[in-house]
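User: I'd like a close look at one part of this model, namely the contact between the chains. Take your time and connect it to the rest where that helps.

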Number of protein chains: 2
Amino acid sequence: MAAPPKEPLVITDKAEMREWSRSARRQGRTIALVPTMGFLHEGHLSLVREARRRADAVVVSVYVNPGQFAPSEDLSTYPSDFEGDLGKLRAVPGGVDVVFRPQNLYDYGQREVGGSGVESDNGSVSCLEEKGMGHEAWVRVERLEKGMCGKSRPVFFRGVATVVTKLFNIVEPDVSVFGKKDYQQWRIIRRLVRDLDFSIQVIGSEVMRDHDGLALSSRNVHLSPEEREKALSISRSLSRAKSAAEKGQVNCQNLKDSVIQAIQEAGGKIDYAEIVDQESLEAVEEIRSPVVFCVAAWFGKVRLIDNIEINV
Amino acid sequence: MAAPPKEPLVITDKAEMREWSRSARRQGRTIALVPTMGFLHEGHLSLVREARRRADAVVVSVYVNPGQFAPSEDLSTYPSDFEGDLGKLRAVPGGVDVVFRPQNLYDYGQREVGGSGVESDNGSVSCLEEKGMGHEAWVRVERLEKGMCGKSRPVFFRGVATVVTKLFNIVEPDVSVFGKKDYQQWRIIRRLVRDLDFSIQVIGSEVMRDHDGLALSSRNVHLSPEEREKALSISRSLSRAKSAAEKGQVNCQNLKDSVIQAIQEAGGKIDYAEIVDQESLEAVEEIRSPVVFCVAAWFGKVRLIDNIEINV
């Protein structure tokens, strides 16, 4: 008989979360953290299963981080389904120990020094406010954040690096798992951990794909059946480029041209198509060392990203 | 009979330092960190004594941080006297448990992914290099770092915030002690700890002064006896301004004018003289809440800083 589903403990308070982790560590247990923005799909659950294999206890954070949305991006309508998320996490073999669901990670309460006539800010400090006592410490990974997705979303990686730093300091995990679907984000987090001397192992989990090869994404539900069929041009052309490279086609312009052509012929609009060093994310002209081929493209109103590692 | 002087354990390796701290914590001991750049004087030792009162174990780091020096500033001739520092630390009542003296906190060794013809960078990565696999993650406290010392030293606080983040992640202290002589730095560290959710209590230790009132600084040794006498105009005029404010003189322009005049009459050259909110460090026009009066001035080739809190 299968074990009954494990009910995760839901924690909303920072201090309580940290105390839970410290108590687990005192008992000799290792902790893995999977940061998410909720609205979980099978891709997220693969990260949770990876976390389950890597540590004794698994914490999944569910927090839509305002710090990584530009004013033009629509934070307020970001989808959420917390009860649905809990159901999916219960069904993961071995379960999840804690779901950390903070209300506002940028709420720091009152000023330290009182006495001003204006009794200062109320509790709802926004990380986006430009003055006053709001959040103002930011972590940047200055080179890795510049290219690819950083070009079209200039505050995105600053927000990601900062909220991940905060989550690391609250949860104090031994291991943290990120999806390689967001390849640039994954490399940024690894660099951040190295450069700021966090004692955390950052695991990259492989891209999860649907039966037809489409990389899993919350955004896929917005694709019409026809757009979805066309969007397969991304994964199919990337796969062909990898095969070609493995057979000796090392000229990146040729490889990129064939991917761009395939996506455009299917009706997609290219945001970028780049072949970059796996660690520095610097563009290469010829493949002589491990690279990753990264693509972002629009199909209708949906922006999709995908990538494939080429280890020659 | 007094206890014999305690011999501090000198640790140079990051991993060894962290393991020492974790071992101490497993034994239920709390840890205080005092970050220094060495060449210790009585001001530093007052921080160590404060640390001694705040925690079971005291770690003093001695590291001249290249990340906070601009190319125009003279990192290579920064003074050091490690044996002298050890002697002073031995003499602190209760002693010091660990002196953490890393060689290079920005040395991250080899690349993760191999295979490139160039077997990558050697071990001596500089945090100041502009390309390659060097350090690139930086912490900025964006508003607090802008004014006062941040104006004349634009990379200074970025470097301080980043190295302190690294030291916090390596030493994992419960408490860290900073001197309020470097008032802006102290406020920046407090904000950093709040905004990045470090579980560390940041203590500000009061300005240490010589018998004549001069704020202690490593740079004081470069003052001639005559310059030193003139430099007393800083602490004396600040002290008079505080008394005037407490007697009802709340107009900041008047208070600043009298300090600037006193320092200039003594032959000093003002870098800045500002009366700012103690927490936001924003300039105020009238004193109605706790402020701090901060001054930087040159006497000969020596730049001195000092400040005084005014709590009306």
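Which residue forms a salt bridge with A:E142, and how far apart are the closest N and O atoms?

Analyst: The partner is B:R158, and the closest N and O atoms of the pair are 3.3 Å apart. A salt bridge here is a side-chain nitrogen of Lys or Arg within 4 Å of a carboxyl oxygen of Asp or Glu.

Some ground rules before going on. This is a predicted model, where local features need pLDDT of at least 70 and side-chain atom pairs count only at pLDDT 80 or more, while totals for chains, interfaces and linings use all residues. Residues are numbered from 1 along each chain as its sequence is written, chains are lettered from A and ligands numbered from 1 in the order in which they are written, and side-chain values use heavy atoms, with hydrogens and water left out.

Back to the pair. The bridge crosses between chains: B:R158 sits in helix α5 (156–171) of chain B, and A:E142 in the loop between β5 and α4 of chain A. Helices (H or I, at least four residues) and strands (E, at least two) are DSSP runs, numbered from the N terminus.

Zooming out, the rule finds 8 salt bridges across the interface of chain A and chain B, and over all chains the count comes to 56. Between chain A and chain B there are also 32 residue pairs in polar contact, both residues at pLDDT 80 or more. Polar contact means a pair of N or O atoms within 3.5 Å; within protein, one must be able to donate a hydrogen and the other to accept it, and residues adjacent in sequence count only if both atoms are side-chain atoms. On chain A's side, the elements giving two or more residues are α1 (14–26), β5 (137–141), α5 (156–171) and α6. By class, that side has 14 nonpolar, 13 polar and 25 charged residues. Nonpolar covers Ala, Val, Leu, Ile, Met, Phe, Trp, Tyr, Cys and Pro, charged covers Asp, Glu, Lys and Arg, and the others, Gly among them, are polar.

In contact terms (heavy atoms within 4.5 Å), 52 residues of chain A meet 52 residues of chain B. The two chains bury about 4,400 Å² between them, 42% of it on carbon and sulfur atoms. That is the accessible area (1.4 Å probe) the two parts lose on being put together, summed over both.

The strands join in too. β5 of chain A and β5 (137–141) of chain B pair in the antiparallel sense over 5 bridges, pairing needing at least two DSSP bridges. A:W138 stands opposite B:R140 there.
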